[in-house]
Every structure is written in structure tokens, then in C-alpha cells.
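Q: Please go through this chain and set its computed values against the definitions behind them.

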Amino acid sequence: MPASSLEQIVSLAKRRGFVFPSSAVYGGLASTWDYGPLGVELKNNVKRAWWRTVVHERDDMEGLDAAILMNRLVWKYSGHEATFADPMMDCRACKARPRADHVFAAQKGRDPKGMPEINAAIAAKELKCPKCGSTDLTEARPFNLMFKTTVGPVADESAVAYLRPETAQGIFVNFGNVLDTMRRKLPFGVAQIGKAFRNEITPGNFTFRTREFEQMEIEYFVKPGEDEAAHQMWIDARTQWYVDLGLRRENLRQREQGKEELAHYAKRCVDLEYRFPMGWSELEGIANRTDFDLLAHSRGPENPDSIAELRYFDQEQKKHIVPYVIEPSAGADRATLAFLCDAYDESLVTEPAAEETAKLREQVASFARSVDKRDPKTMEPETKRRLVEAAERIGAGLPGTLPELLGLCDDADANKIEVWKKVRGLAEKMGEEHTRTVLHLHPRLAPITVAVFPLKKNEPRLVEMARGIKKELQTAGLRAVYDDTGAIGKLYRRQDEIGTPFCITVDFKSLEDGTVTVRDRDTMGQERAARAELAVNLRNKVG
Ligand code: GAP
């Protein structure tokens, strides 16, 4: 059963060391996350797979790693200082500050055409505060999303710099450097992976929307007139990349942005969307940015500050042209989350006894009643509704919904209700005995490729051979670990839960003939293989 709620993914991520809430010892920082030992491996593998496909396996691409801090003028001429903003309004009754365009879309059933339309609706009292329902709302105002900082010892206006809100601009201002040093001819592209920062008004959904995140961006430069074909080529290539790395095709779709949604620089944009547990949401945007950026950063009547002309000498036409740009822009965190969600599979391996299920169902129902009675001052109506709905759905579906209940176990709001402790205790015990969680990650993405176990940890010859095999696999460049901290069945289950595609067990036959058992995570099939062939075979499977 795939994950039906994001809580299941959050719970596994915390429990098994993929992602932790940031600075938790001081109570955390809203919507900020740290990648743990397995998470950093997974995310690095996602970034490595992207780099390999878009840089190393192509002849028309180069890489770049530009600075996060750039001259403020970059953001003036890119348009970000003036336009990179969300419309916010304040509720005078409850002091909430919601995003005005989201409220408009939710309450009117369509996107607004712009600020004037939002403000007309506010003035006509057609919009309500989503928190308290009041129509006493202020006008919507733009709120710039860039994080400001200062460079140097004097924190005045002349020292202002921004943490970059996208990596793309670092590529545009380096266009001339890459062109000249690498002697490139059009079409060619530049790829970059790096941190970006946005002071998002409504971050959330785990690592889906955060204020600090990583982008994997390509700027692909083409002759004007060849842009539309190149755009389609990248839409197809980027879709295929996700599918090749295991995302199910039915969970991925291409969505053409409407004219009113297009960024100020875009001629066309297609979003790749993934069916996350919270619904279809953007994974990557692939835009045709035309010649907007290279022109914007070139010296001219509109830009007296630049010292460069970011253009290309076309030998065929014997004249300078300004290339068009196709931009496939992906989020490393979002891609990692999508791969986690798609790989997640939890199922009941044995049915729990009826009396155990009945007891758990009773506790879940009493939890729902307890939430329902909660004073609105201590729990937001929206939180109450969410928890009661989840409890009713889970209670009615037990034991089939046990995986979903286990996911809910880490919900901070559920933890505030006293009876939850009992629910949690019963659910965790039952989950341990009756469910199998597997991450069916592509072997190239899995944090650990292979785990090696001795059949018995108190048999020195088995331990020595298992450790020796692990070392050989590490030397061959595979991420291999050794483990002897439990019975083999338990060790398999632990590795399944973190997505390790292969497990090797060294037994007494291994000592006689040098073969070992290789167990496949997805089929659970086991076959004997010669020690000498392990590294090559596994490398081939990883690809
Ligand atoms: N240079 C174009 C650009 O930045 P974008 O659609 O704003 O376009 C591209 O961002 C991708 O970056 C998104 O598709 C998403 O994967 C990722 N992204 C954007 N904002 C994010 C956020 N607040 N948290 C996590 N990822 C984000």
C-alpha cells in the first residue's frame, strides 16, 4: 500500500534518520529540516543522478557552481527586487496574515487576474479571513520573498545583499565566461546545483516548501527560432529522468501553465507535477525564458550598470545574436521527497488478532471524541477537524489502515491529547508485529546499496568473511555496510525499511565453497552467488 498521508513519510523519515526537524533541542524552527545520515545519502544520490544525466551523459552541457551572494544589481536587473513578491493581507479581527491570492482562489474558485482584482474583492467584502471568517481585511500588499543581509562591517543600505532566491541568475551572469572558456557553439547549456532561499509566507508539507532549499537548474541557450523544439526536447527528457529512476508514470503529469500564471520572463512554461500524498503539486518547472535574462544583464539603455554584452556571434549569419533560454528548474528536496513517497510501501504481513484490533479501534474512537470536545481556544478548528477525520477514517478501516495510524503517531497535535499515548502504544506494538515497510528506491538512489550479515555473530569465521566482503564492496565503490545486531529476518526488515536493494548473508556453506546468499528487496527472492562476482554483479544492477 503506498503512503496515503505525508505523516507516514515524516514518521519514517524521523524514525530511520532521513530527515529531522531542525534545531529541535531549542524547540525547532518552523518548516526547517535537517537531512540525517540516510537522508543526506539519498539526496546526494538524487543530485548525483541528475548531474550524471544532464551533464556527464550529454555533449552539449557544462557545469557551474556560482556564489550564493551576488552583487545586488543582479537582483535589480533580473526583476526580483521589484517583482519577486507575494500579495499579503491582514485580518483586523484575528491578526492572521494570509496570502491574498490563495484566499481569492479558494473562495472564488479561480486565480485572480492581479492585485487590483484582489483588492476590489476585499473592498466589496467578498473575501473572508480563512482563520476566523471576518471580512474586516486590509488591502493586499506585496511582500518581497528575498532574504536580505548585509556584506561587511557596516550594516547600511549600501551593504545590502540578498541570499539568492534561485540559482539561475548565477548562470546568466556567467554566460560569457562559459562561452569563452569552453569555446561552445549554440545550442549548449549550463547546469548548476545549489541552495536557494525564499522567505515563503506559507511553507509546509514537510520538505515540499521550505525557506531554504536546493535547486537543480539548467539554462539551455539556443538560437531564437529553435527555442520551441528545444523546449519540447527538455520537457520529454526531464519527464523520462524521473521515470527512469523509478517514479511511476501514473504519478507524474505535465501541466501547461495558463497565460495568467506565467512569470514575467516566460513565453511558455510546463510544470512537471507529482501526485504527492497531499495532491498533485509542482516538482519541476520547464520554462522558455526567451532572451529576457541575457538582455536584462547586458549593457544598454535599460541597464547602464552592466559592463557586458551577453550575446553570441553567429558564424552563419555573421552577426551577434542574443540567445533564447530554456530553463528546466527542479528542486532537489522536492525530487527527494517524491522519490521517497513513490518508493514507500507498507503492508500487513499477518492479520492482528480480532480482540487486539477491537481494543485499538475503541481507543482511536475515544481519541476522536476527546479531540472533538477540545476547547477551540486550545486547538484550532482546522486541526480538530483534521484529527477527528483521520481518527474516524482509520478507526473504521482497521486493521488495513494500521500503516496510516503508524504514520499519524508522530503528529505533534495528536500528541497533545492524553488518550493518544494509549493509541500510540497499542499501534506501535501491533505495527512491529504485523507490518512490513519497504522503500522500493531505485538502486542508484538507495542510501545503502548492500548490507552484509553473518548468519551467526558469535562464529568468528562467518564474521570475518562477512566483514571482508563488505570491505571488497566498499573498495569497488559501492555503499556497503556490515550488521550483526539481530536475527537475519529482523536485519532484512530493517534494511527493507530504508530501501537497501540487496542483502548478503554469509553462512556455513560460504565457508566451504565461497558462495553467499544475495537477497533482493523487491522480490524477496534469494540466490547463491560467488564472492568473486559480487562487486561486478551489483555494480551492473545499480547501473
Ligand atoms: N529559476 C526558476 C525558478 O526558480 P521556481 O518554479 O520558482 O522556478 C523551481 O522553482 C523549482 O524549485 C520548483 O519546481 C521546486 O521544485 C523548487 N522550489 C521552489 N520553491 C521552493 C521551496 N520554497 N521549497 C522547496 N523547493 C522549492
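Q: Why does Trp33 count as partly exposed?
A: The model is predicted, so local features need pLDDT of at least 70 and side-chain atom pairs count only at pLDDT 80 or more, while totals for chains, interfaces and linings use all residues. Residues are numbered from 1 along each chain as its sequence is written, and side-chain values use heavy atoms, with hydrogens and water left out. Buried means under 20% relative accessible area, exposed over 50%, and partly exposed in between (1.4 Å probe, protein chains only). Trp33 has 24% relative accessibility and therefore counts as partly exposed.

Q: What makes Phe206 buried or exposed?
A: Its relative accessibility is 8%, so Phe206 counts as buried.

Q: Why are Trp33 and Phe206 called an edge-to-face pair?
A: Rings of Phe, Tyr and Trp (its six-membered ring) pair if their centres lie within 6.5 Å; planes under 30 degrees apart count as stacked, over 60 as edge-to-face and the rest as tilted. By this rule the count comes to 14 aromatic pairs. For Trp33 and Phe206 the centres are 4.7 Å apart and the planes make 80 degrees, hence an edge-to-face pair. Trp33 lies in strand β2 (residues 33-35) and Phe206 in the loop between β8 and β9, so the pair ties together parts 173 residues apart in sequence. Helices (H or I, at least four residues) and strands (E, at least two) are DSSP runs, numbered from the N terminus.

Q: What makes the pair of Phe367 and Trp420 tilted?
A: The rings are 4.6 Å apart centre to centre, with 50 degrees between the planes, which places the pair in the tilted class. Phe367 belongs to helix α12 (residues 354-372) and Trp420 to helix α15 (residues 420-434), 53 residues apart, and the pair links these distant parts of the chain. Both Phe367 and Trp420 are buried.

Q: Which strands stand at the edges of the open sheet of seven strands, and why?
A: Two strands pair if DSSP finds at least two bridges between them. The sheet has the order β3-β8-β9-β15-β12-β11-β10, with mixed pairing. β3 (61-64) and β10 (252-256) each have a single partner strand, so one side of each is left without a neighbour in the sheet.

Q: How do you know that β12 and β15 pair?
A: Six bridges join β12 (residues 279-290) to β15 (residues 324-331), and the two strands run antiparallel. Glu284 stands opposite Ala330 in β15.

Q: What makes helix α2 a helix that packs on the sheet?
A: Contact means heavy atoms within 4.5 Å. Helix α2 (residues 37-56) touches β3, β8 (188-197) and β9 (212-222), and its direction makes about 160 degrees with that of β8. Axes are lines fitted to C-alpha atoms, for helices over the stretch in contact, and angles run from 0 to 180 degrees between N-to-C directions.

Q: How do you know that the radius of gyration agrees with a compact globule?
A: The radius is taken over C-alpha atoms, and the globule rule is 2.2 Å times the number of residues to the power 0.38. With 543 residues, a compact globule would have a radius near 24 Å; the chain has 27 Å, which agrees. Of these 543 residues, 51% count as buried.

Q: Why is Ala67 called partly exposed?
A: Ala67 has a relative accessible area of 47%, and so it is partly exposed. This residue is found in the loop between β3 and α3 (72-77).
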